[in-house]
Amino acid sequence: MEETPPYISEDLKKFIVTSAPPVVYYIPDFITEEEESYLLQQVYKSPKTKWTQLSGRRLQNWGGLPHPKGMIAEKIPEWLQTYCDKISSLGAFSGKTANHILVNEYKSGEGIMPHEDGPLYHPTVTTISLGSHTLLDFYKPISGNLQEAESPQTEENRFVFSLLVKPRSLLVLQEEMYKTLLHGIQGREEDLLTEKVVNLRNRVEKPERL
């Protein structure tokens, strides 16, 4: 059995999702409803210039703009720094403190295509979800050798499983989950819970809509 890195706190270890590849930690109710409301207020009272509009969603960038030659750091506001420190204290970043945050807004029916976060970041992504649940879907990457592919490399064929991410939860992805698999969110109006959602407490016997 593979040993957990020593910098991972005991508080985080007990939330490992053993039904997924290495490594997923999922902490429900990581923040309170009051904290969730406070964070949403801070997000939406931020200057309009902090928003970047992308296809199908918009986002805020805090801490600086990463690029291959490094990042010119910008001071993170206290309302975000508090949660950088809280997550980092769990050992999620190998004993270091998070220094960059993306605030992604997804409205009903919006999503993001399968992607990887890449080598500019520490090989860890942590997410606090606000306002609503979502299903985070995971996919095998497109094979570089098309002749060896067993079937057409569509999004549907490359889909592996999903994680249910509830409001106020913390999700931590590392190792294979960060480096090997792609992740995305389908642009759906409602989600269907099936046996492919691997972090459900009880196995789903019949599909359930959210």
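**Notebook: contacts, cores and salt bridges**

I looked up Ile-101 to begin with. Leaving aside residues up to four places away in sequence, Ile-101 touches Gln-60, Asn-61, Trp-62, Ile-76, Leu-80 and Cys-84; contact here means heavy atoms within 4.5 Å.

Notes on the source. The model is predicted, so I kept in mind that local features need pLDDT of at least 70 and side-chain atom pairs count only at pLDDT 80 or more, while totals for chains, interfaces and linings use all residues. Residues are numbered from 1 along each chain as its sequence is written, and side-chain values use heavy atoms, with hydrogens and water left out.

**Cores**

I then looked up the largest nonpolar core, which has 25 residues. A nonpolar core is a set of buried Ala, Val, Leu, Ile, Met, Phe, Trp, Tyr and Cys residues joined through side-chain atoms within 4.5 Å. Buried means under 20% relative accessible area, exposed means over 50%, and partly exposed lies in between (1.4 Å probe, protein chains only). Leu-12, Phe-30, Ile-101 and Leu-170 touch the most other members of this core. At least two of its residues come from each of β1 (24-27), α2 (33-44), α3 (78-88), β4 (101-105) and β9 (170-174). Helices (H or I, at least four residues) and strands (E, at least two) are DSSP runs, numbered from the N terminus. Helix α3 gives the largest share of this core, five residues. I also found a second, separate core of 16 residues, with Phe-161, Val-165, Met-177 and Val-198 among them.

**Ser-162 and Asp-137**

I found Ser-162 in strand β8 (residues 159-165). Ser-162 counts as buried because its relative accessibility is 4%. Not counting residues up to four places away in sequence, Ser-162 touches Leu-136, Asp-137, Lys-196, Val-197, Val-198 and Asn-199. With Asp-137 there is also a polar contact, side chain to side chain, at 2.4 Å. A polar contact is a pair of N or O atoms within 3.5 Å; within protein, one must be able to donate a hydrogen and the other to accept it, and residues adjacent in sequence count only if both atoms are side-chain atoms.

The side chain of Asp-137 also forms a salt bridge with that of Arg-188 (3.5 Å, N to O). A salt bridge is a side-chain nitrogen of Lys or Arg within 4 Å of a carboxyl oxygen of Asp or Glu. Asp-137 lies in strand β7 (residues 134-139) and Arg-188 in the loop between β10 (182-185) and β11 (192-193), so the pair ties together parts that are 51 residues apart in sequence. Asp-137 is buried at 2%, whereas Arg-188 is partly exposed at 33%.

**Other salt bridges**

How many salt bridges does a search of the whole structure find? I noted six.

One of them joins the side chains of Arg-58 and Glu-105 (2.7 Å, N to O). Arg-58 is in strand β3 (residues 57-62) and Glu-105 in strand β4, so the bridge ties together parts 47 residues apart in sequence. I noted Arg-58 as partly exposed at 24% and Glu-105 as buried at 10%.

Lys-13 and Glu-10 also meet through their side chains in a salt bridge (3.0 Å, N to O). They are separated by about one helical turn because they stand three residues apart in helix α1 (residues 10-13). Lys-13 is partly exposed at 26%, and Glu-10 is exposed at 57%.

Last, I noted that Asp-29, Glu-36 and Arg-168 are linked in a network of salt bridges.
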